[in-house]
Amino acid sequence: MKKTEIVANVERLVSPIIEENHFELVDVEYVKEGANWYLRVYADKEGGITIDDCVTISRALEARLDEEDFIEDAYILEVSSPGLGRPLKKDKDFERNLGAAVEVKLYKAEDGQKEFEGILSEYSQESVTIDTEGTSRTFRRKDIALIRQAVEF
């Protein structure tokens, strides 16, 4: 089974758990790091997700994964909050961050610069627009290597 199929199956299994607890499913990843496979589920809720919330999701999902048993590799299940500095990937990530400060890193430099910071003002399937010091800049999504919420210290 391919990684994309595993992710889709996990999303199908975890969605009812997420919905009945009034959480939001942010993302599911199935990745190999070193010798280990990790199945990561990122969830959130208004006011932020707690450790107890993650345990609730993890226990319920674990039971459903054991029932269906479609992942051949040994893996480590992790359930957590999206965390700061996490990339924006899906439309709901962009929606949640409209009006927030974001960092944009491009594959290739534009005007001698590869990194930009500004307020996320618009997004579509093709582009992302940020406002930087009174100027709007629009980037094609395919040119963006990384876009994430800016972390202010």
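Start with the lining of the largest pocket in this predicted model. Its residues divide into 5 nonpolar, 4 polar and 4 charged. That lining holds 13 residues in total. Select Pro82, Gly83, Arg96, Asn97 and Gln149: they lie nearest the pocket's centre. The volume of this pocket is about 210 Å³.

Next, go to the largest nonpolar core. It has 24 residues. Select Val10, Leu39, Val41, Ile57, Leu61, Leu65 and Ile71, which have the most contacts inside this core. Now colour the elements that build it. Helix 1 (3-20), strand 1 (24-33), strand 2 (36-44), helix 2 (51-68) and strand 3 (75-80) each supply at least two core residues. Which helix gives the most to this core? Helix 1 does, with 7 residues.

Zoom in on Val10. Leaving aside residues up to four places away in sequence, Val10 touches Val28, Leu39, Val41, Leu61, Leu65, Phe70 and Ile71.

Now pick strand 4, residues 101-110. Strand 4 runs antiparallel to strand 5 (residues 113-123), and 6 bridges join the two. The pair forms a hairpin with 2 residues between the strands. Click Asp111 in the turn: its phi is positive, about 50°.

Strand 4 also pairs with strand 8 (residues 144-149), again antiparallel, through 5 bridges.

Finish on Glu103. What is its bridge partner in strand 5? Select Glu117. In strand 8, the bridge partner of Glu103 is Arg148.

Note on methods: Residues numbered from 1 in each chain as written. Predicted model: local features only at pLDDT ≥ 70, side-chain atom pairs only at ≥ 80, totals over all residues. Heavy atoms only, no water. 1 Å grid on protein atoms, 1.4 Å probe; cavity = no way out; pocket = protein on both sides within 12 Å on 5 of 7 lines; lining within 4 Å. Points joined across faces, edges and corners; volume = space filled by probe spheres on them. Nonpolar A, V, L, I, M, F, W, Y, C, P; charged D, E, K, R; others polar. Core = buried A, V, L, I, M, F, W, Y, C linked by side-chain atoms within 4.5 Å. Buried < 20%, exposed > 50% of the residue type's maximum accessible area, 1.4 Å probe, protein only. Helix = DSSP H or I, 4+ residues; strand = E, 2+ residues; numbered from the N terminus. Contact = heavy atoms within 4.5 Å. Pairing = 2+ DSSP bridges.
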